[in-house]
Amino acid sequence: METKEEKIFRLFGLEIPRRTAIILLIFVLVSMVVVGIQIYNRQFAVQGEGPVILMYHHIAPAGTYAGTGDADNNAIIDVDKFEEQMKWLYDNGYNTLLASEVMEYYTSGEPFPEKSVVITFDDGYESNYVYAYPLLQKYGLKANISIIVKPTEDRELNPDDSPYEPKSLRHLTFAQLREMMDSGLVEVGSHSYDSHGKVVTKADGSEEPALVSLAYDSESGEMETVEQYIERIREDIQHSVDVMTQYLGEAPAFFAYPYGRYTQELIDVVKDCGFPMAFTVKNGRLDFSVWDVYLLPRYNIDNSFDLEKYEKLLSY
């Protein structure tokens, strides 16, 4: 009587004795388990062998958003968890790099120091100043903040001295940014002037990220041309450079693509506006033999990262 094992192999046109079939099946299953373990263990350490670039957003005390729609928003990092991670970097001798220092290694071709890491923050929330900056000072760590420029400019034009409220998602001021920059621990980049949002792309009202999509004009019923798209994104990005230079005294050190999305046209505009480098949200280590300097990879750090997971990501 034909066994299950023999039947499986016969389906592939193979006539194999039962004992041999069992051995082969065990080998295949064990191989699949081993490969699965290797994939799991290397889920972070892919595409490149250099430092890891970490991406954070908003930080708040645990429980701040309890009972709200953001109670389970993992993009919001607990302050205690963030400090635990910064302390781990300090205790384990990690070198934190500014964007300008990354560029120095890029242009010189010199290898990165051992245990290097790049800390970035997207959006420019005031929590970066209130909670993250004191911890950077405490542990002597450096970070890079990309701001959506308009909310920060709005605070300059319409000063608001009310006490900080973490639930408000208020953005940084230029004064706060200058203070952090003057410390030597922080460099600032652009996350667009006012294009970290979406545009209508179809007559049915569908929307897509503004910097990577042709916009649909509901009044005329016409799509934006490629030329119009390029002009629109150029105006936004160049304006971010102009405003940041005006208030900070220097051009932004880098660009971070909103949503991590990009087009070739957007990359070209970023280059034309004078940015030396740009960050995506693709996963990978900072290895210039793998990644273009305008498509640098990052790992999003959310509130689900316990210290074990954090250590595995950072380990070489």
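Predicted model: local features only at pLDDT ≥ 70, side-chain atom pairs only at ≥ 80, totals over all residues.
Trainee: Which residues touch the most other members in the largest nonpolar core?

Mentor: Let's start with the general idea. In soluble globular proteins, nonpolar side chains tend to be buried together. Here, the largest nonpolar core has 44 residues, and Leu-54, Tyr-56, Met-86, Leu-89, Tyr-310 and Leu-314 touch the most other members. Helix α5 (residues 127–139) supplies the largest share of this core, with 6 residues. There is also a second, separate core of 31 residues, which includes Val-212, Tyr-229, Ala-253 and Leu-266.

Trainee: What does Met-86 touch, leaving aside residues up to four places away in sequence?

Mentor: With those left out, Met-86 touches Tyr-56, Ile-119, Leu-136, Tyr-139, Leu-141 and Tyr-310.

Trainee: How many residues does α3 have, and what is its reach?

Mentor: Helix α3 (residues 79–91) has 13 residues and reaches 18 Å from its first C-alpha to its last, close to the 18 Å expected at 1.5 Å a residue. After the helix comes Gly-93, with a positive phi near 70°.

Trainee: How should I read the packing of α3 and α10?

Mentor: Two packed helices are described by the angle between their axes and the distance between the axes. For α3 and α10, the angle is about 40° and the axes are 11 Å apart. The two are therefore oblique to each other, and their crossing is right-handed. At the contact, Glu-84, Gln-85, Met-86, Trp-88 and Leu-89 of α3 meet Leu-307, Tyr-310, Glu-311 and Leu-314 of α10.

Trainee: And at what angle do α7 and α8 cross?

Mentor: Helix α7 (residues 174–182) and helix α8 (residues 226–248) cross at roughly 70°, and their axes come within 10 Å. That makes α7 and α8 roughly perpendicular to each other, and this crossing is right-handed. The contact is made by Phe-174, Leu-177, Arg-178 and Met-181 from α7, with Val-243, Tyr-247 and Leu-248 from α8.

Trainee: Let's look at single residues. Is Val-270 buried or exposed?

Mentor: Relative accessibility tells us, and under 20% means buried. Val-270 has 0%, so Val-270 counts as buried. This valine sits in helix α9 (residues 264–272). Leaving out residues up to four places away in sequence, Val-270 touches Ile-237, Phe-255, Tyr-257, Phe-275, Ala-278 and Tyr-294.

Trainee: Where is Gly-184 found, and what does Gly-184 touch beyond four places in sequence?

Mentor: Gly-184 is in the loop between α7 and β7 (186–190). With a relative accessible area of 37%, Gly-184 is partly exposed. Beyond four places in sequence, Gly-184 touches Leu-98 and Lys-142. Leu-98 is 86 residues away along the chain, yet the C-alpha atoms of Gly-184 and Leu-98 are separated by 9.1 Å.

Notes: Residues numbered from 1 in each chain as written. Heavy atoms only, no water. Core = buried A, V, L, I, M, F, W, Y, C linked by side-chain atoms within 4.5 Å. Buried < 20%, exposed > 50% of the residue type's maximum accessible area, 1.4 Å probe, protein only. Helix = DSSP H or I, 4+ residues; strand = E, 2+ residues; numbered from the N terminus. Contact = heavy atoms within 4.5 Å. Expected span 1.5 Å × (residues − 1). Axes fitted to C-alpha atoms, helices over the stretch in contact; angles between N-to-C directions. Parallel < 35°, antiparallel > 145°, perpendicular 65-115°, else oblique. Left-handed = near helix turned anticlockwise from the far one by under 90°.
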